[in-house]
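This report looks at helix packing, the chain contact and some backbone details. Please keep the sequence and the model at hand while reading.

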Protein chains: 2
Amino acid sequence: MKINTKRLHENIQRYAQIGNVGEIGVERIALSDEDKAARDLLKSQMLQAGLEVHVDEVGNMIGLRKGKKDVPAVAIGSHLDTVYQGGRYDGALGVLAGLEVIETLDDQSIETEKPIALINFTNEEGVNYAPDMMGSHAFAQLGDLNEILSSLSYDDPTKTVDSELRRIGYKGEMKCGAFGVDSFLELHIEQGPVLELEEIDIGAVEMVQGIFWTRYKITGQANHAGTTPIHLRKDAGYAASEAVKFIGDLSRKEGTKLLTTVGTIAFEPNAINIVPQTATFTVDARCVDAEVLKQSQNEIDEFIEDMVKKHGLRLEREEMVRFDPVQLDVRVAGLIEKEAKNLNLSVKRMPSGAGHDAQMMASICPTAMIFVPSVNGISHNINEYTKDLDVENGANVLLNAALTLTKA
Amino acid sequence: MKINTKRLHENIQRYAQIGNVGEIGVERIALSDEDKAARDLLKSQMLQAGLEVHVDEVGNMIGLRKGKKDVPAVAIGSHLDTVYQGGRYDGALGVLAGLEVIETLDDQSIETEKPIALINFTNEEGVNYAPDMMGSHAFAQLGDLNEILSSLSYDDPTKTVDSELRRIGYKGEMKCGAFGVDSFLELHIEQGPVLELEEIDIGAVEMVQGIFWTRYKITGQANHAGTTPIHLRKDAGYAASEAVKFIGDLSRKEGTKLLTTVGTIAFEPNAINIVPQTATFTVDARCVDAEVLKQSQNEIDEFIEDMVKKHGLRLEREEMVRFDPVQLDVRVAGLIEKEAKNLNLSVKRMPSGAGHDAQMMASICPTAMIFVPSVNGISHNINEYTKDLDVENGANVLLNAALTLTKA
């Protein structure tokens with residue numbers, strides 16, 4: 001079975017006009033007026049498709065297409081919010097392909113055994129309210145709901161998630177956890193270059209990498225570059241270079257699954273002829289293997305602590321983010337792989353490098369993700385682009401995998 | 001023979017009030033109103049001491065105390081301008097100790113064989129007008145005078161050195177090069193920690209280090225830290241860490257005279273989860289040996305070029321400063337050493353790590369410098385401090401060395 005390609009592309013184009021930036025970019029921050037406009041459009045489309053629309057306490061939108069049996073629903077979806085200066089696919093693709101799946105079933109007058117539910121999760125990106133993946137977090141009852149609802153806007157600390165949900169009309173009645181789900185499928189762009197470079201159509205995502213963010217600040221002593229002998233220096237910048245090189249080398253070792261990135265650095269006073277007094281840098285470490293991630297983080301900490309001690313410097317260390325790897329459902333990932341092959345698409349099992357709503361859903365039901373290629377791996381950027389054919393392929397895999405799950 | 005310690009300290013205190021910052025700091029930028037005020041005070045003191053006052057085309061102030069013979073003068077001095085948020089000793093000490101030498105000779109009614117001249121050079125620091133060491137540069141006829149006079153203010157490009165010299169009344173009549181000098185002595189604070197740490201009273205400076213400043217910009221590709229495999233990255237930040245470590249290691253080799261400092265660094269886009277697209281950093285390399293400095297600079301360039309090529313990155317390189325080492329006069333440095341020992345002071349022959357007017361004067365007459373300790377090596381800073389006893393010791397060595405030179 002195939003989706004209606006023309007209708008899906010027209011719908012993606014339609015949503016891309018809500019908060020459009022430049023030629024193809026979109027900025028639709030969670031709980032903003034643009035988010036409200038996109039939600040209103042989705043609600044009208046859900047109702048038009050005959051879905052039973054529910055909104056829960058954190059604003060997650062659920063459109064239920066009933067099945068022959070009154071059992072938990074096969075859920076499909078993602079999120080409509082974006083980052084600042086974002087793209088039209090990240091999140092929206094999963095929601096709009098989900099809607100297309102339901103409309104295709106309607107076109108073919110198919111009544112499924114199990115119900116199907118389309119979900120638009122609130123605030124996946126977390127750019128204006130912490131934490132990210134907020135809606136799925138609450139849906140899976142993983143966090144403290146009151147804490148989430150009282151989270152302050154970075155933009156304007158007089159606003160909370162609760163006040164803005166009420167303002168845009170999406171403070172719902174349904175309790176988080178009250179909606180029963182049988183399984184969850186999320187179609188998403190890869191946001192990386194692997195599928196495109198390996199010329200593979202579909203990624204069957206069975207795992208989400210763990211992510212550790214850590215900030216290090218090394219403090220030495222500012223000294224004149226021309227008059228201070230090397231043995232009298234406490235050079236925070238030189239020490240940082242040793243650390244950054246060590247961190248980079250760790251993930252360049254043959255066969256490691258570890259990914260490390262030092263993306264930010266700053267020296268003080270940052271003058272050409274003054275030995276740096278402080279050097280501050282961040283480490284983004286990711287791995288599919290929780291043990292490897294933890295051990296690597298320990299190696300980094302030990303190296304920096306020893307090195308700083310050796311040079312007579314001081315160290316401050318801040319744990320910014322600690323997400324362990326999340327195992328998705330291998331059977332559901334296998335189903336995705338099978339459906340892709342049935343459609344004559346090339347497919348590979350792969351981990352997700354970024355975080356997704358699916359990793360929260362994995363804690364309450366069998367879950368996996370479908371990835372489609374991102375041109376040049378670009379995402380979180382107004383130049384984010386996925387080819388029309390890849391969009392179509394992903395939606396067809398979603399359709400067939402969801403349909404199979406409704407029979408299981 | 002000894003100077004009048006009380007008078008010297010009172011005079012230092014008096015000048016420190018012109019542009020005073022905080023407790024003991026001074027900000028007296030060349031050609032500013034504060035510079036004019038300090039010049040006016042010096043001129044009045046020169047006249048009061050019976051000196052014949054000359055001002056040359058770039059505003060250098062020369063106070064001539066005639067000798068028995070009408071021959072070129074033994075010159076002593078330094079500069080009254082400071083950096084932004086500077087100290088009271090850097091420059092001013094050499095001028096005011098020079099004035100004290102002359103007043104001491106007057107007190108003792110000593111008529112020297114050769115004349116003595118006190119010089120206050122214009123704009124040694126070069127913070128608002130390039131180049132630095134401007135006055136001594138012009139005095140020694142090393143640069144293009146018109147170019148120097150038309151140098152624009154960084155602060156306000158409607159102003160030139162010439163316009164501001166006229167504004168403050170120090171555009172003089174005397175041609176640069178017209179004033180004959182027999183030899184030159186400059187008393188200065190060390191601006192480094194060596195004398196204090198080695199508990200030595202006096203540095204006899206026989207050499208000024210060469211200084212090379214170079215800026216490197218490495219360009220790779222920005223990529224998502226979670227989704228881009230290591231072998232697909234072009235990480236400008238990791239490459240920079242290899243370069244910074246290499247540069248630091250070079251001057252940490254056993255027995256090298258090289259000093260290297262990477263004082264500034266910046267990544268773009270400088271985001272925690274994005275592989276750096278660019279990394280820009282500067283290298284300050286110094287050495288007393290011209291060959292070692294040049295070879296080391298070549299080693300740095302070759303390492304970075306090879307490394308950048310290996311990683312598939314692009315490199316831009318800007319030569320910001322190239323000053324070769326300057327040999328001062330070994331005989332004059334030896335005289336300083338001898339006079340210090342005669343005064344029962346500990347003394348060591350040493351190079352200067354920073355640039356000074358003396359290095360320009362060295363091109364036209366036998367020249368050397370007298371260094372006194374800087375507390376904690378701090379300079380170019382409002383916390384710059386040199387102990388009263390060290391000030392006194394330095395001035396006494398200046399007095400006796402100058403006196404000996406007038407007899408030679």
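Which residues in α10(B) meet which residues in α12(B)? B:Leu335, B:Ile336, B:Glu339, B:Ala340 and B:Asn342 in α10(B) meet B:Val397, B:Asn400, B:Ala401 and B:Thr404 in α12(B). Two residues are in contact here if their C-beta atoms, placed from the backbone, lie within 7 Å. By class, this contact of α10(B) with α12(B) divides into five nonpolar, three polar and one charged. Ala, Val, Leu, Ile, Met, Phe, Trp, Tyr, Cys and Pro count as nonpolar, Asp, Glu, Lys and Arg as charged, and the others, Gly among them, as polar.

This is a predicted model: local features need pLDDT of at least 70, side-chain atom pairs count only at pLDDT 80 or more, and totals for chains, interfaces and linings use all residues. Residues are numbered from 1 along each chain as its sequence is written, while chains are lettered from A and ligands numbered from 1 in the order in which they are written.

**Helix pairs**

Helices (H or I, at least four residues) and strands (E, at least two) are DSSP runs, numbered from the N terminus. Axes are lines fitted to C-alpha atoms, for helices over the stretch in contact, and angles run from 0 to 180 degrees between N-to-C directions.

| Helix pair | Angle | Axis distance |
|---|---|---|
| α1 (5-16) and α3 (92-107), chain A | about 140° | 10 Å |
| α10 (330-342) and α12, chain B | roughly 125° | within 9 Å |

Angles under 35 degrees count as roughly parallel, over 145 as roughly antiparallel, 65 to 115 as roughly perpendicular and the rest as oblique. α10(B) and α12(B) are therefore oblique to each other. α10(B) passes α12(B) in a right-handed crossing. A crossing is left-handed if the near helix is turned anticlockwise from the far one by less than a right angle, and right-handed if clockwise.

α1(A) and α3(A) are therefore also oblique to each other. α1(A) passes α3(A) in a right-handed crossing. On the α1(A) side, the contact is made by A:Arg7, A:Leu8, A:Asn11, A:Ile12 and A:Tyr15. α3(A) contributes A:Ala92, A:Leu96, A:Ala97, A:Leu99, A:Glu100 and A:Glu103. The contact of α1(A) with α3(A) has seven nonpolar, one polar and three charged residues. An α-helix has 3.6 residues a turn, so residues three or four places apart point the same way.

**Helix length and burial**

The expected span of a helix is 1.5 Å times one less than its number of residues. For the 16 residues of α3(A) that gives 22 Å, and its end C-alpha atoms are 22 Å apart, which agrees. The 20 residues of α12(A), 388-407, should span 28 Å, and the end C-alpha atoms are 29 Å apart, which agrees.

A residue is buried if 20 or more other C-beta atoms lie within 10 Å of its own, exposed if 12 or fewer, and partly exposed in between. α3(A) is mostly covered, with 13 of its 16 residues buried. In α12(A), 15 of the 20 residues are buried, so α12(A) is largely enclosed by the rest of the structure.

**Contact between the chains**

The contact takes 49 residues from chain A and 49 residues from chain B. Elements of chain A that each supply at least two residues include α7 (194-197), β9 (210-219), α8 (236-250) and β14 (278-287). α8(A) gives the most, with seven residues. The chain A side divides into 21 nonpolar, 21 polar and seven charged residues.

**Backbone details**

Most residues other than glycine have a negative phi, and most peptide bonds are trans. A:His380 has a positive phi of about 55°. Its place is in the loop between β18 (367-372) and α12 of chain A. A:His380 is buried, with 20 other C-beta atoms within 10 Å. Phi of B:His380 is positive, near 50°. B:His380 counts as buried, with 20 C-beta neighbours inside 10 Å. A:Ser109, which follows α3(A), has a positive phi near 50°.

A cis peptide bond joins A:Glu268 and A:Pro269, with omega about 0°. A:Pro269 sits in the loop between β12 and β13 of chain A. Another cis peptide bond joins B:Ala130 and B:Pro131, with omega about -5°. B:Pro131 lies in the loop between β6 (116-121) and α4 (134-139) of chain B.
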